[in-house]
Amino acid sequence: MAGSEGEHPTCTEGAAPRRTWRWLSWEASAIGRSARRAAAGPGPERDVVTQSLKAAGAAAAAWALTGWWWNAPMALMAPWTAVVLVQSTVYRSLRSGVQQLVVIAIGTVLAAGAANLTGNTMTAMVLVLPVAVLLGNYARFGEHGLYAPTTALFVLAYGSYSGLDVLHRLFESAVGAVIGIAVNALILPPVHLRSVRDFLRRLPAESAEVLHVVADGLREDHGREQAEAWHDRARRLAAVLSDLRDARLWTRESYRLNPGHRLRRTGPALPSSEWDRAWERIVDPLVTLTRTLASTVGDEPGLRPVPGAALGQLSDLLRAAGDVCAADRAILEGQGRRAKRERALALESAWAAHGRLKTKMLEQDSETATSLGGLVAESQQLLHALAPVDDGVRRT
């Protein structure tokens, strides 16, 4: 027992750097993929670049107007406000503009009043900041509530709290808000329909990739680290689902008060939100299945390892399931008849492999049958979720 107790810290110390390195490697790969997508063509990544450049341009224009041309005493407020108001939708820019101006006005008036009343910066801060922070947490102000205490700090730190200074600060904030909103509304106003299409394509494509990678790995001598990497990739599919739901909400909002949305080509109609819920039913068993696989390998597996013959049948099943997902993407992209035929054949092949996998359970002892039974159950749930599709909408 003493020897085993001495080994645990070493294993733990070695596991943490590996997990950190794996996370850093994944982050670097994700950044690289995003950069390549932005360079390759239109999509959410390029939209982010466009919005970032618009925000920078709005800030520069606000500074050029208030700081360079007018030489205003509080010119910082204009670009500060402008860059924040280049939001993800025109409606959000307008709403945020009103919120931010109200919050800045409150912070400015509170700080100026306290400074003029006390005549001491430190005393004014002690009086104003608790009130400003509390007001900043008011839900109606949203994320812009933070500007109440920060504006108060600017006022007190710069000593700019005369009546004329207060008017300057409010006027320059209003100028920045007008510039930020105008830039967002008139220069490539954002519409998030393209983001929805991108995530709709990514779900079946990345699901197919995960299934094919796991299928290939099961035919090799895989270890715990590789199986955990499969599980991580499966869990990231849930993040794509969440991004898809958010993109649908953003799309609906981006049409509100948007002067340019009628100029955009919308393309074919999107699948309904039922399509999203169907993919939730696909992702859930895939996540559980990869977690079970990770539990059957390693130095001290939580479940009895699965025999190689059964893993071979599971590999065939997952390979065919991945082909089904790949066909789903082709159907979304308009390759209807041929893709549906390939999909039907792949699903039939997957069910045949599942039947062979179930027969393997009868040959196992109780502990191995427990491990294999979990894989059989989750793969069956996966195949049931991969029901036939009609025009890109899954029937359940």
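## Exercises on a predicted model

Tryptophan 279 is buried, at a relative accessible area of 0% (buried means under 20%, exposed over 50%, and partly exposed in between, with a 1.4 Å probe and protein chains only). This is a predicted model, in which local features need pLDDT of at least 70, side-chain atom pairs count only at pLDDT 80 or more, and totals for chains, interfaces and linings use all residues. Residues are numbered from 1 along each chain as its sequence is written, and side-chain values use heavy atoms, with hydrogens and water left out.

**Exercise 1. Describe the ring pair of tryptophan 275 and tryptophan 279.**

Step 1: find the residues. Both lie in helix H10 (residues 273-295), 4 residues apart, about one turn of the helix. Helices here are DSSP runs (H or I, at least four residues), numbered from the N terminus.

Step 2: describe the rings. Rings of Phe, Tyr and Trp (its six-membered ring) pair if their centres lie within 6.5 Å; planes under 30 degrees apart count as stacked, over 60 as edge-to-face and the rest as tilted.

**Exercise 2. Which parts does the pair of tryptophan 80 and tyrosine 147 tie together?**

Step 1: look at the geometry. The structure holds 7 aromatic pairs. Tryptophan 80 and tyrosine 147 form one that is edge-to-face, with 4.9 Å from centre to centre and 70 degrees between the planes.

Step 2: Tryptophan 80 belongs to helix H3 and tyrosine 147 to helix H6 (residues 147-158), so the pair ties together parts that are 67 residues apart in sequence.

Step 3: Tryptophan 80 and tyrosine 147 are both buried. Ring pairs also link Trp80, Tyr147, Phe154 and Tyr158 into a cluster.

**Exercise 3. Work out how H3 and H7 pack.**

Step 1: Packed helices are described by the angle between their axes and the distance between the axes.

Step 2: read them off. Helix H3 (residues 77-84) and helix H7 (residues 163-186) pack at about 35 degrees, with axes 7 Å apart. Axes are lines fitted to C-alpha atoms, for helices over the stretch in contact, and angles run from 0 to 180 degrees between N-to-C directions.

Step 3: list the residues that meet. From H3 come Met77, Ala78, Thr81 and Ala82; from H7 come Arg169, Glu172, Ser173, Gly176, Ala177 and Gly180. Contact means heavy atoms within 4.5 Å.

**Exercise 4. Is serine 371 buried or exposed, and what does this residue touch?**

Step 1: locate serine 371, which sits in helix H13 (residues 366-385).

Step 2: its relative accessibility is 1%, so serine 371 counts as buried.

Step 3: not counting residues up to four places away in sequence, serine 371 touches Thr292, Thr296, Leu303, Arg304 and Val306.

**Exercise 5. Compare two loop residues, glycine 142 and asparagine 71.**

Step 1: glycine 142 is in the loop between helix H5 (121-136) and H6. With a relative accessible area of 42%, glycine 142 is partly exposed.

Step 2: asparagine 71 is in the loop between helix H2 (44-69) and H3. At 61% relative accessibility, asparagine 71 counts as exposed.

Step 3: consider the backbone. Most residues other than glycine have a negative phi. Asparagine 71, although not a glycine, has a positive phi of about 55 degrees.
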